[in-house]
Amino acid sequence: MSVHDTILLVIDAQESFRQRDYWDESLASAYIDRQQALIDGAVAKGIPVIQIFHVDGSGPFSESSGFVKTLAPLRIAADATFRKSRHSALVGSGLDVWLTENGVRRIIVSGIRTEQCCETTSRHASDLGYQVDYVGESTLTFPMTDAAGRIWSAGEIRGRTELVLSGRFARIATVEQALAGRAEPLAA
């Protein structure tokens, strides 16, 4: 692995999600294209790629299910892999220690689901003092229904996530912007 103060996190891009009722292959194809572009670009620039898998005790996210593996057709040769059981990739996975030991200062966030593990990890990383680039086009989520019965589209959820993260917890970046370099310091 090259010495680099930036890493790419690929969070929960795993086959477990294809087993959920809400899975929508038509939403996944654009995500897979942009996620692979981000992975390939990071590798080309010598940015370590860190893969995170979510694991539960039972169901499609359990190790015994056989679905805790890279979402096809993504190709990832991870520099390090961690397993988590919380929303933040920085809780209980060992990732936090690894980041410190490797001198990481900037994290590029991508993966599944936009408003859950990707957003939570971004907020947590920012609060710990990391510079965060949130690459919304390299995240995936699915429509959700709120308590009032309104259905929020995946695009609306992504827009809301980018709105609340922007300038506070992360720089909202395209694949190309994230690969181009460091985010500016955020306002308090």
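1. Is arginine 150 buried, exposed or partly exposed? Arginine 150 is partly exposed, with a relative accessible area of 36%. Here buried means under 20% relative accessible area, exposed over 50%, and partly exposed in between (1.4 Å probe, protein chains only).

2. A word on the basis. This is a predicted model, in which local features need pLDDT of at least 70, side-chain atom pairs count only at pLDDT 80 or more, and totals for chains, interfaces and linings use all residues. Residues are numbered from 1 along each chain as its sequence is written, and side-chain values use heavy atoms, with hydrogens and water left out.

3. The structure holds 14 salt bridges. Each is a side-chain nitrogen of Lys or Arg within 4 Å of a carboxyl oxygen of Asp or Glu. Side chains of opposite charge can pair when their charged atoms come close.

4. Arginine 150 meets glutamate 156 in one of these salt bridges, at 2.8 Å from N to O. Glutamate 156 is partly exposed, at 33% relative accessibility.

5. Aspartate 133 pairs with arginine 106; their closest N and O atoms are 2.6 Å apart. This pair links distant parts of the chain: aspartate 133 lies in strand β5 (residues 131–140) and arginine 106 in strand β4 (residues 106–112), 27 residues apart. Strands (E, at least two residues) are DSSP runs, numbered from the N terminus. Both aspartate 133 and arginine 106 are buried.

6. Arginine 18 forms a salt bridge with glutamate 25, with 2.9 Å between the closest N and O atoms. Arginine 18 is partly exposed at 24%, and glutamate 25 is partly exposed at 40%. A network of salt bridges links Glu15, Arg18 and Glu25.

Definitions and conventions
Helices (H or I, at least four residues) and strands (E, at least two) are DSSP runs, numbered from the N terminus.
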